[in-house]
Amino acid sequence: MAGICGCRLQRLFPQVASRVSAEPSFPRDAVSRGLRIWPAYAVAVVVLGLIWNLQRFVYSGAKSFLVHLFLTQNYFRSEITRGLGPAWSLVVELGFYAFLPLYARVIGRFARTGSVWLVEVIGGGALIACGMVWQFASVGDIRLATLLPGFLPTFAIGILLAVGVVHRRDFGVSLVARRPWWCWSAALVLLLAKGVIGGS
């Protein structure tokens with residue numbers, strides 16, 4: 001099971017593995033990931049969006065339609081509540097795909113002069129810290145709350161798990177997994193923390 005999870009993590013975050021041999025290519029990675037998301041989404045925007053638009057005016061006009069078509073609605077306060085509801089998360093995901101190769105390049109540069117493991121862990125910790133600061137600062141502002149920085153802690157956890165797989169470390173997950181009450185306690189703390197940050 002651990003091997004299967006490890007392979008999946010490496011597929012999800014190939015930059016972690018690619019740093020071992022070469023720096024990731026921003027244009028290539030951005031295009032390949034964009035092509036995984038955008039075509040199906042574009043069909044949904046055109047077909048479902050236009051059908052719904054006849055009933056309840058999902059888009060406010062041609063500009064509004066284009067904003068949603070090109071996954072930029074989170075950057076416009078007036079557009080966040082329009083269009084296909086769950087699509088706001090795709091804007092965050094696309095932002096992460098664009099950010100990840102740049103982050104990998106920075107981490108790769110630092111890793112050349114020090115311990116790769118230490119640099120990876122510090123980088124992940126920095127992402128978590130920045131994301132938590134953004135989350136507290138953006139409480140009550142729907143536009144800021146739906147931008148990439150607020151989700152950096154979540155992505156950082158995934159990156160660190162992928163780093164752990166590459167470096168054959170599990171961050172103590174196996175130790176925690178053997179103590180169910182630790183898991184339940186951690187879940188409760190996360191739930192309460194999310195409630196404080198994101199509301200009930």
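Helices (H or I, at least four residues) and strands (E, at least two) are DSSP runs, numbered from the N terminus. The model is predicted: local features need pLDDT of at least 70, side-chain atom pairs count only at pLDDT 80 or more, and totals for chains, interfaces and linings use all residues. Residues are numbered from 1 along each chain as its sequence is written, and side-chain values use heavy atoms, with hydrogens and water left out.

**The whole chain**

Among contacts (heavy atoms within 4.5 Å) with a separation of 6 or more, 61% join residues 24 or more positions apart.

**The core**

Next, select Val45, Phe96 and Ile159, which touch the most other members of the 29-residue largest nonpolar core. Such a core is a set of buried Ala, Val, Leu, Ile, Met, Phe, Trp, Tyr and Cys residues joined through side-chain atoms within 4.5 Å. Helices H3 (26-56), H4 (62-69), H5, H6 and H8 (152-166) each give two or more residues to this core; H5 gives the most, with 8 residues. Centre on Val45: leaving aside residues up to four places away in sequence, Val45 touches Leu50, Tyr59, Phe65, His68, Leu69 and Leu84.

**Helix H4**

Move to H4, where the buried residues are Ser64, Phe65, Val67, His68 and Leu69. Just after H4, Leu71 takes a positive phi of about 50°.

**H5 against H6**

Now display H5 (residues 88-111) and H6 (residues 116-137), which pack at an angle of about 140° with axes 9 Å apart. That makes H5 oblique to H6, as angles under 35 degrees count as roughly parallel, over 145 as roughly antiparallel, 65 to 115 as roughly perpendicular and the rest as oblique. Axes are lines fitted to C-alpha atoms, for helices over the stretch in contact, and angles run from 0 to 180 degrees between N-to-C directions. On the H5 side, select Phe99, Tyr103, Ile107, Phe110 and Ala111; on the H6 side, select Val116, Val119, Glu120, Gly123, Gly124 and Leu127.

**Gly158**

Finish at Gly158 in helix H8. Gly158 counts as buried because its relative accessibility is 13%. From there, draw a distance to Gly124: the two C-alpha atoms are separated by 9.3 Å, with the residues 34 apart along the chain.

Definitions and conventions:
Buried < 20%, exposed > 50% of the residue type's maximum accessible area, 1.4 Å probe, protein only.
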